[in-house]
Amino acid sequence: MSDVLTVPKPRRNIEALLLLVALLVGVGANMIVGLDEDRAFDSDFWVQGGTLMALVVIFHIVLRFRAKYADPVILPIVTALNGIGLAMIHRLDITNGDDAADKQLLWSTVAVAAGIAVLFVIKDHRILRRYTYISLIVSAILLLLPLTPLGLTINGARIWINVGIGTFQPGEIAKITLAIFFAGYLSTNRDLILLAGRKVGPLQLPRMQDLGPMLAAWLVSIGVLVFQRDLGSSILFFGLFMAMIYVATSRVSWVLIGLGLIAAGGFVALQLFSHVEQRIHGWLNAFDPEVYNGTGGSYQVVQGLFGLASGGLTGTGLGQGRPDLVTFANSDMIIAALGEELGLIGIFAIVLMYVLLVSRGFRAALGTKDGFGKLLACGLSFTIAVQCFVVIGGVTRLIPLTGLTTPFMSAGGSSLLANWIIVALLLLISEAARRPAPTGPLATDMVPAMSESRSGASARARRSPKEGVE
Amino acid sequence: MLSELTETLLRYGFLILLWIMVVSVVGAIRRDLAVGSRNRTGTPTARQIRKDPTLEKRAPAPSKAAPRELVVTEGPLRGTTLDLAASPILLGRAQEATLVLEDDYASGRHARLFPQGSRWFIEDLGSTNGTYLGGSQLTRALPVEPGVPIRIGKTVIELRP
């Protein structure tokens with residue numbers, strides 16, 4: 001956990017400039033999509049382009065007032081990704097005669113509004129530390145909701161709940177609350193976990209009682225896998241915890257224990273549950289005609305691979321391919337659809353945007369001075385990274401295909417909402433990291449809050465987390 | 001329907017636009033990427049010293065007197081010494097502490113000594129009676145120079161080279 005100094009500059013004008021390029025990408029994609037059908041400038045295009053533009057401009061203006069020193073590249077990257085996703089969903093709508101893009105647009109509005117609300121309500125991310133254990137309870141409730149009578153089983157996974165107007169995936173929000181809990185818990189107990197325990201060879205083993213949270217995280221992940229039949233979220237939750245505990249302690253022994261637990265859990269799940277075994281079988285023997293044609297077989301992923309292959313290096317061009325042949329082309333398989341129409345060159349640009357987004361999250365973690373913020377920023381950026389890895393890895397058949405969403409692009413409201421909230425939190429943390437330290441004589445009661453560089457912060461610092469001086 | 005030419009132009013044009021986006025983002029953060037040349041926390045290489053002679057003067061100073069042991073100079077454990085390795089040291093009455101202080105005025109987990117770079121830092125872990133470095137109470141982690149007394153309750157410890 002090192003601190004790297006930055007030159008304090010708001011850089012909001014650079015953000016405005018980059019936003020222009022990002023909107024050009026998003027709106028341009030939407031225009032090209034309809035061009036072939038002579039629907040380039042119909043009402044859909046104007047509504048979607050106009051809404052996207054209005055949303056990000058409002059967000060940008062809010063940033064100018066609420067978080068002047070926030071990272072200037074996060075918002076443009078997210079805008080571009082959201083715009084490309086919207087364009088691809090719109091493009092699939094044109095072929096399939098669907099209206100998913102309108103829903104996605106509505107959810108984008110809700111998500112951006114939620115992001116703005118986070119900027120207004122929270123202001124300083126350290127407040128969240130007070131809600132460490134409340135976050136844990138909220139996460140548990142969110143994860144259990146789909147198992148109650150409210151829950152819905154769609155395509156074999158019980159991760160949705162019915163909220164009257166539509167469906168919602170509470171697990172998407174749970175990843176944020178879990179990250180808050182892990183960050184709060186680890187930043188408070190880091191020293192205890194670090195210093196206690198026996199040393200065996202080069203590894204310092206943790207004590208049994210410190211293993212508790214890790215076992216809890218493991219049980220949650222296994223529970224999600226068994227009861228909700230959702231491999232992707234299971235990997236995401238456990239990966240999140242492993243990454244955060246490694247960042248907090250820099251102990252390899254934790255990672256080894258975690259990998260051991262994953263191996264044990266995975267092996268047992270493979271033996272006991274047919275859906276896990278079916279997934280692995282379909283992954284290893286994807287091109288077997290029997291698996292390909294079977295129900296729940298590899299048709300989807302193999303069609304995606306065929307699509308990627310027909311896209312080649314430069315792609316077929318937006319609106320020119322047949323990504324609609326893939327089932328769930330606009331949600332699970334949107335990367336395959338984009339790969340087909342933008343080619344390897346295009347998909348690399350998109351992957352790079354994700355890499356840059358995640359790296360900015362880690363940069364905010366490096367820059368911010370409080371341990372809680374560091375861990376939270378790491379955890380949140382890591383969820384985005386894991387989601388990309390699991391989705392893109394699944395589509396390209398590197399790992400078994402799972403039902404995670406591609407952040408910001410997949411059709412799906414809950415994911416969009418959760419990811420925009422994550423972005424708002426990352427922006428807040430980066431603001432805390434880049435904001436110039438107040439100069440001049442300091443009031444004595446401010447000192448503990450500013451020096452809260454690690455865990456074991458004094459109670460005073462927790463009671464007054466605001467620095468007070470702008 | 002569009003002509004073949006427009007279609008191809010749009011296809012490549014959009015790919016170029018995507019990459020313009022990526023490159024301009026990287027351009028916007030290049031100041032951050034060049035952190036190595038501004039940041040003087042690491043040991044400067046010979047080449048960096050040749051370019052910027054001021055680096056040489058700064059670097060060797062702290063390593064000259066790197067502390068090698070911890071000595072208890074006052075209190076019930078007086079005379080105890082502890083060799084400093086590269087791992088942090090927990091001071092307190094708790095059994096898991098590296099140096100278990102039998103001092104009624106010390107907290108269970110009182111303070112922590114940890115190395116960073118070539119220096120050792122002391123940090124109070126929220127103790128009841130506080131930790132004093134050279135006479136002033138700690139409010140945050142501070143570097144410890146050899147020979148400067150650290151007072152925890154009735155115990156005083158020092159780092160020695």
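Arg397(A) is partly exposed, with 18 other C-beta atoms within 10 Å. (A residue counts as buried with 20 or more other C-beta atoms within 10 Å of its own, as exposed with 12 or fewer, and as partly exposed in between, the C-beta atoms being placed from the backbone.) The structure is a predicted model, in which local features need pLDDT of at least 70 and side-chain atom pairs count only at pLDDT 80 or more, while totals for chains, interfaces and linings use all residues. Residues are numbered from 1 along each chain as its sequence is written, and chains are lettered from A and ligands numbered from 1 in the order in which they are written.

Most residues other than glycine have a negative phi. Look for Arg397(A) in the loop between α14 and α15 (413–434) of chain A. (Helices are DSSP runs of H or I with at least four residues, strands are runs of E with at least two, and both are numbered from the N terminus.) Phe328(A) is another such case, with a positive phi near 55° in a residue other than glycine. Phe328(A) lies in the loop between α12 (299–311) and α13 of chain A, and Phe328(A) is partly exposed, with 16 other C-beta atoms within 10 Å.

**The two chains**

Chain A has 17 helices and five strands, and 51% of its 470 residues count as buried. Of the contacts in chain A with a separation of 6 or more, 71% join residues 24 or more positions apart. (Two residues are in contact if their C-beta atoms, placed from the backbone, lie within 7 Å.) Chain B has six helices and eleven strands; here 24% of the 161 residues are buried. In chain B, 37% of the contacts with a separation of 6 or more are between residues 24 or more positions apart.

**Where the chains touch**

Between the chains, 39 residues of chain A are in contact with 31 residues of chain B. On the side of chain A that touches chain B, α1 (12–35), α3 (74–96), α6 (170–195), α13 (334–367) and α16 (447–450) of chain A each supply at least two residues. α1(A) gives the most to that side, with ten residues. By class, the residues of the side of chain A that touches chain B are 27 nonpolar, eight polar and four charged. (Ala, Val, Leu, Ile, Met, Phe, Trp, Tyr, Cys and Pro count as nonpolar, Asp, Glu, Lys and Arg as charged, and the others, Gly among them, as polar.)

Two packed helices are described by the angle between their axes and the distance between the axes. The axes are lines fitted to C-alpha atoms over the stretch in contact, and angles run from 0 to 180 degrees between N-to-C directions.

| Helix pair | Axis distance | Axis angle |
|---|---|---|
| α7(A) (212–227) and α9(A) (252–272) | within 11 Å | roughly 25° |
| α8(A) (231–249) and α14(A) (371–395) | 9 Å | about 140° |

The angle makes α7(A) roughly parallel to α9(A), whereas α8(A) is oblique to α14(A). (Under 35 degrees counts as roughly parallel, over 145 as roughly antiparallel, 65 to 115 as roughly perpendicular and the rest as oblique.) The crossing of α7(A) and α9(A) is right-handed, and the crossing of α8(A) and α14(A) is right-handed too. (Right-handed is when the near helix is turned clockwise from the far one by less than a right angle, left-handed when anticlockwise.)

Where α7(A) meets α9(A), Met214(A), Trp218(A), Ile222(A) and Leu225(A) face partners that include Ile257(A), Gly258(A) and Leu261(A). That contact has seven nonpolar, two polar and no charged residues. In the other pair, residues of α8(A) including Gly232(A), Ile235(A) and Leu236(A) meet residues of α14(A), among them Leu375(A), Cys378(A) and Phe382(A). The contact of α8(A) with α14(A) divides into twelve nonpolar, five polar and no charged residues.

**The sheet in chain B**

Six strands of chain B form an open sheet in the order β2-β1-β11-β10-β7-β8, with antiparallel pairing. (Strands pair if DSSP finds at least two bridges between them.) β2 (81–83) and β8 (136–137) of chain B are the edge strands, each pairing on one side only.

β11(B) (155–160) pairs with β1(B) (69–74) over five bridges in the antiparallel sense. Among the bridge partners, Glu69(B) goes with Arg160(B), and Glu74(B) with Val156(B). β11(B) also pairs with β10(B) (150–152), antiparallel over three bridges, and there Ile150(B) has Ile157(B) as its bridge partner. The hairpin of β10(B) and β11(B) has two residues between the strands, and its Gly153(B) takes a positive phi near 60°.
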